[in-house]
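Q: Please take me through how to read a model of this kind, starting with the charged pairs.

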Amino acid sequence: TKLGITDRCEVFDCKENFWDLIEPMHVPRSHCSVAEYRGDLYVFYGKDSFGRFLNSIERYSIEKNKWKLFQFNSNSIQHELLMGAACQSRLCENGGK
């Protein structure tokens with residue numbers, strides 16, 4: 001992949017001690033953050049292959065092995081150092097340059 005930008009995803013099976021490929025994300029990205037919430041994984045923002053900030057979040061359903069893309073129309077989201085977390089009934093992200 002170019003400059004570490006990828007849509008490829010893998011999960012680690014702790015019992016069997018191996019990595020397994022899962023469904024790829026909709027948008028290849030780097031410099032992103034991941035958080036778990038209610039059994040799903042959320043990938044926050046990041047950068048595309050041209051170094052532009054992405055205004056999207058993807059949710060991965062472990063049960064369905066499917067990603068859902070959430071697109072935002074905002075140019076104000078520009079985080080290079082990003083951290084995502086789940087807290088009660090909210091997903092939070094923060095970071096900055």
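A: Side chains of opposite charge can pair when their charged atoms come close. A salt bridge is counted when a side-chain nitrogen of Lys or Arg lies within 4 Å of a carboxyl oxygen of Asp or Glu. The structure has four salt bridges. This is a predicted model, in which local features need pLDDT of at least 70 and side-chain atom pairs count only at pLDDT 80 or more, while totals for chains, interfaces and linings use all residues. Residues are numbered from 1 along each chain as its sequence is written, and side-chain values use heavy atoms, leaving out hydrogens and water.

Q: Which residue forms a salt bridge with R8, and how far apart are the closest N and O atoms?

A: The partner is E10, and the closest N and O atoms are 3.6 Å apart. R8 is partly exposed at 49%, and E10 is partly exposed at 38%.

Q: Which residue forms a salt bridge with D40?

A: D40 pairs with R59, with 3.9 Å between the closest N and O atoms. This pair links distant parts of the chain, since D40 is in strand 4 (residues 40-44) and R59 is in strand 5, 19 residues apart. Strands are DSSP runs of E with at least two residues, helices are runs of H or I with at least four, and both are numbered from the N terminus. R59 is partly exposed, with a relative accessible area of 26%.

Q: Is D48 buried or exposed?

A: D48 is buried, with a relative accessible area of 13%. Its salt bridge is with R52, and the closest N and O atoms are 2.8 Å apart.

Q: In which sense do strand 5 and strand 6 pair?

A: Two strands pair if DSSP finds at least two bridges between them. Strand 5 (residues 56-61) and strand 6 (residues 66-71) pair in the antiparallel sense over six bridges. R59, the partner of D40 in a salt bridge, stands opposite K68 in strand 6. The hairpin of these strands has four residues between them, and N65 there takes a positive phi near 55 degrees.

Q: How many helices and strands are in the protein chain?

A: The protein chain has zero helices and eight strands. Of its 97 residues, 31% are buried. With contact meaning heavy atoms within 4.5 Å, residues 24 or more positions apart account for 36% of the contacts with a separation of 6 or more.

Methods:
Buried < 20%, exposed > 50% of the residue type's maximum accessible area, 1.4 Å probe, protein only.
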